[in-house]
Every structure is written in C-alpha cells, then in structure tokens.
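Welcome, and please open the model in your viewer. We will go from one selection to the next, with a short note on what to look for at each stop.

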Amino acid sequence: MSERTLKIALPAISVCLFLVGWSFYVRTAEVSAFVLPPPEAILVALIEMVQTRELWDHALVTVTEAVSGFLIAVGLGISLGFIMARIPPVEWAAKPFIVLLQLIPKIALAPLFILWFGFGLESKIVIAAALAFFPVFSNALQAFKSVEPGDKDVFTILQANPVQRFYLLDVPSALPVILTGTEVAVVLAMIGAIVGEFIGGNEGLGYLAVAHLQNLAVPELFAVIVILAMVGLLLYTLIGRLRQSFSAWHVSSETA
Amino acid sequence: MPFDARQDRMEINVSGLTKVFGDGPSAVTAIKDADLTMERGEFVSLLGPSGCGKTTLLRIVAGLESPTEGTVEIRGNAVWNGTRRSAAATRPVSMMFQEARLFPWFTVVENVALPLRIAGVGRKERLERATAICETVGLKEFLHHRPNALSGGMRQRASLARALVTEPQLLLLDEPFGALDAMTRDALNIELMDVCARANVTTILVTHSISEAAFLSDRVVVLAPRPARITAMIDMPFDRPRGLELQQSMAFQKMVGELRQKLSEGE
Ligand SMILES: Nc1ncnc2c1ncn2[C@@H]1O[C@H](COP(=O)(O)OP(=O)(O)OP(=O)(O)O)[C@@H](O)[C@H]1O
Ligand SMILES: [Mg+2]
C-alpha cells in the first residue's frame, strides 16, 4: 500500500477501533449510561439535535462571540505589538502590566467581566478577547522586533517612508509569526466564549451544555461537546489555511 | 580650471574618518583617519584583507553607520551631522550589500522593481524597467521565481539589478560578485563597467580580488588591518573602454604585481 493510502486509512481505522472498543466497554463493564453513554446513543442525540433550529441559534451565538473576541484580540495585539516594538519606552512603561496579566490565569477574570459587561454577548466577547490577546500580542511584538537589520538597511538606502516600511517590510516579515499566534488565539477565543457561557447567560453552546447537564441528558451533553469540537476545528482550519497561503514564501516554491 | 567647476565635479569627500565600535577594552577601531575624495564618474575600488573596515567605510558613506570622527560629504552635502544622518545628502546613493538581501515575499522582478515602487513609479512602468534590467544581468528565465528558489549567484545578480534599476549616480558595491563563478563574474564586470561609463556613475567597489580591482577601477585604495587604515592609493592608467584582453597585457600584470606588493606591505 502506498504511503498516501496509509495516511488516510490508518487514522480511519484507529478511530473506528476506538469507537467499537468504547461501545463494547460500556456494555460489558456495566458503566452507568449517566456516566458514559455508548457512542451510538451520542450519535442519535447528535442527529436529533442538528435537526433543531435551537442548536444552530446557540452555535451562531458562540461563533459570534468567539470570532468577535478573536478579531478584537488580533487588532489590539498587532497594533500594540507594533507600537511597542517601534517605541521601546512604551514597552518599558507597559512591562509591569504585561507581566502581571501574563501571570494571572485570564480565565479567572471571567466572573469579573460578567459583572462589568452583563450576561449578554458583550461579556463573552471580552472574555474571548482577553484570552486570545496574548498569543497575538507577544508574537507580534517579537516578530516586529526581529525584522532583520540588514533588511531595514535596504529600506533606508531606498529612502522609504514609514508607511512604506510598514506594509512592504514590517508586515510581510512579521506575518508568518503573527499568524502562528492567531492559530493559538482562535482556540483560546473559543474557550473564552464557552467559559463565559458556563458562568452566565442563557445562550450559546456552553449554556446548552450546562442545561443538558442539569437535566442529566448525558448523550445530549456529549453531542454538544462534539459540536463544540467541530466548530473549534473549523475555525482553527480556517486560520491555518490563511497562514499557509500568506507564508507560502517561506517554502521555496516557484508557483506560490 | 576655474575653482567652481572643480568643486562641481567633486562627488564624494571623506575626511579624517574614524569609526570605533564599542568602548573600553573591547573597543574595535574599524577604520582610522581615512581620507578619500572622488570626482564624478570615477570608479574606485577598496582592496584589503578581511576585517580592515571596508564595509564600515561604505556604510558610513551610505548613511547607515555614523562616524566616530571625521566628515563625509556627497556633492557638498554632509551625510552626517554628528550621529544624525541627512536623508537629502544620501538621495543619489544606491548600495549593494555583501548578502543579496532580497525579500522572500516578492518575486525576483518585484524585488528588482522595489526601489521604483518606493520612489512612486507606477506598476506598469516599474515592472517594465525591472524586467529590462533583469534581462541585462541574465535573469530572464527567473523573473517570476521566488528568491529562495534561486542559486546564490542568481540572487547576487538580482541584487545588482535592484541596485541599478533606479539609474543611480552613486553606486556603492560591497563584494558584489564574491559568490559567482569566474566567467559570470567577468561578464557582469564588463556589464557593470558599461553601465557606469554610460551614465557617468561614481562607484565605490569593495573587493578581495586584486585583478578585479585593477581591471575595473580608475583608482585602487589599499587598506590594511590592525589598525584598519588606508595605506596606498594607486591610479590604474589603462585606457577605456577596457576589454578582457587587457588582463593579458604586461602593463596590467605589472600593476597587479604592484598592488599585491602594497597589500602585503600592510600586513
Ligand atoms: N556593528 C559592529 N559592532 C562591532 N564591531 C563591528 C561592527 N561592524 C564591524 N565591526 C568590526 O569592525 C571591523 C571591520 O569590519 P568590516 O565589516 O568593515 O570589515 P570588512 O573589511 O568589510 O571585512 P570583510 O572583507 O570580511 O567583509 C571588524 O573587526 C569587525 O569586527
Ligand atoms: Mg565587508
């Protein structure tokens, strides 16, 4: 068999084995269905759920929160990263806050944001943004700082103005590293939105998961988790694609 | 010759130039008390062993590194005011670095067109001009490649094309062809000499090759290390235009011998 087919076949086989093993274990070991339902029960719940309007409304809320938070984090992270890389005194002044904020588990701030911004979308967007901010910011700061001095010399010789420097040199050199940060950030934004929904409000997939838990609807709870995983995967893949297309120049290729 | 006319032809004036990197016991004197004046259209080579301050001298003239002492003037304008560089004084300067310094996010032709883009030349015109110059340095088949996909020599050609695309009046070249094979090197040297003569370009070339220096230059400046300084300036009295056959002549061989002698005296 070729490497190509193996690379598709093997993961499929391992997943199938895992599911069969799971199903078999639940039946033979007499695990309570409240603790661990068999995969087929989860599948049934999932199929029923995706046919309801309700699920999609909740999913849309979560995606809106995560994506808005993510975009805010990207905007703020890149601008602050650039400003601090360009004007070191700003970084020095901000340093204590940066270190402090980095040390606090940001998720611990979630209840505070609910208190300040209410139970609606806004507080979840803020939580998502707070979590997603750091990977973008620290990668942007690092990337803008490490633009090659020799490359800057070329732009000095060419008498480029600051705007030209920014979009012809700084942004393209920093972009691959920044985009790596955004891959991490989008996952964190999802976590932020879900945790926010756990804590307060009555919308979103996080809320739905808690609601199913309270009703002891365990297969449905698992189904929500599966959907959350899918949404997360979708966002991550989108960003990953974006990164690949932007940093195509890093692999030597004549078609890119 | 009236005084003003002579003043008008004065292109570069380096005087008492000293550069010290760092301070205290770890201080390195990269160049000491260098004087150099060049007329418009003159071709001068800096010849010397590794580490004798050739790149540093070039970078100070280009406005990339500030001098510790001394002055640099380009057409009567001071390049440095203390440690502040004057953008206006260095406007006619184009420089090619020891490394190709191409940008991986642009294709070859976009890299070559970059100086024109920064100068505000429209897309169509700048790509036409960049394509033309790429063809003269033998990059015709590689226009739309990424620099990463090029060999070291090809990258160096692209870098030369980028330095020439603005039709500069003052060209600073830091070991431009070090990475090239002898034949390509000859071809590009002829091309370079042609461009410089045609547009009356003033050129400073850093090189390790004695015969390259003798072949291309009106004058060769010999530097010596520890302490880094200028030890000799020798005119190359060969008629122009020069062809490769010049290198076979007795007079040329004699000049190369003399340069080698001066170089070893500095050691
Ligand atoms: N930015 C710097 N900081 C400290 N020392 C430096 C710096 N740049 C150059 N030097 C030192 O100055 C001296 C001259 O360096 P320079 O690069 O001008 O030599 P060079 O003649 O161009 O050598 P090569 O032929 O190897 O390119 C060297 O000893 C080098 O270590
Ligand atoms: Mg050098």
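Start with the largest nonpolar core, which has 53 residues; select L139(B), L160(B), L171(B), L192(B), M236(B) and L259(B), the members that touch the most others. A nonpolar core here is a set of buried Ala, Val, Leu, Ile, Met, Phe, Trp, Tyr and Cys residues joined through side-chain atoms within 4.5 Å, where buried means under 20% relative accessible area, exposed over 50% and partly exposed in between, with a 1.4 Å probe and protein chains only. Next, colour helix α5 of chain B, residues 152-164, which gives the most to this core, with 6 residues. Helices (H or I, at least four residues) and strands (E, at least two) are DSSP runs numbered from the N terminus. At least three residues of the core come from each of domain 1 (3-92 + 168-266) and domain 2 (102-167) of chain B, with bounds from an automatic or database domain assignment.

A word on the model: it is predicted, so local features need pLDDT of at least 70 and side-chain atom pairs pLDDT 80 or more, while totals for chains, interfaces and linings use all residues. Residues are numbered from 1 along each chain as its sequence is written, chains are lettered from A and ligands numbered from 1 in the order written, and side-chain values use heavy atoms, without hydrogens and water.

Now zoom in on L139(B). Leaving out residues up to four places away in sequence, L139(B) touches V108(B), C134(B), L150(B), M154(B), R157(B) and A158(B), where contact means heavy atoms within 4.5 Å. Another core lies apart, with 43 residues, including M38(B), W80(B), A89(B) and L170(B).

Select A214(B) next, in helix α7 (residues 210-216) of chain B. Is A214(B) buried or exposed? A214(B) is buried, with a relative accessible area of 0%. Beyond its neighbours within four places in sequence, its contacts include M236(B), F252(B) and L259(B). A214(B) and L259(B) are 45 residues apart in sequence, yet 8.3 Å apart in space, C-alpha to C-alpha.

Finish at ligand 1. It is surrounded by 13 residues, the closest being S50(B), G51(B), K54(B), T55(B) and T56(B); a residue counts if one of its heavy atoms lies within 4 Å. Helix α2(B) supplies the largest share of this shell, 3 residues.

- a backbone N or O atom of G53(B), 3.1 Å
- a polar side-chain atom of Q98(B), 2.9 Å
- a polar side-chain atom of E175(B), 3.3 Å

Definitions and conventions
A polar contact is a pair of N or O atoms within 3.5 Å; within protein, one must be able to donate a hydrogen and the other to accept it, and residues adjacent in sequence count only if both atoms are side-chain atoms.
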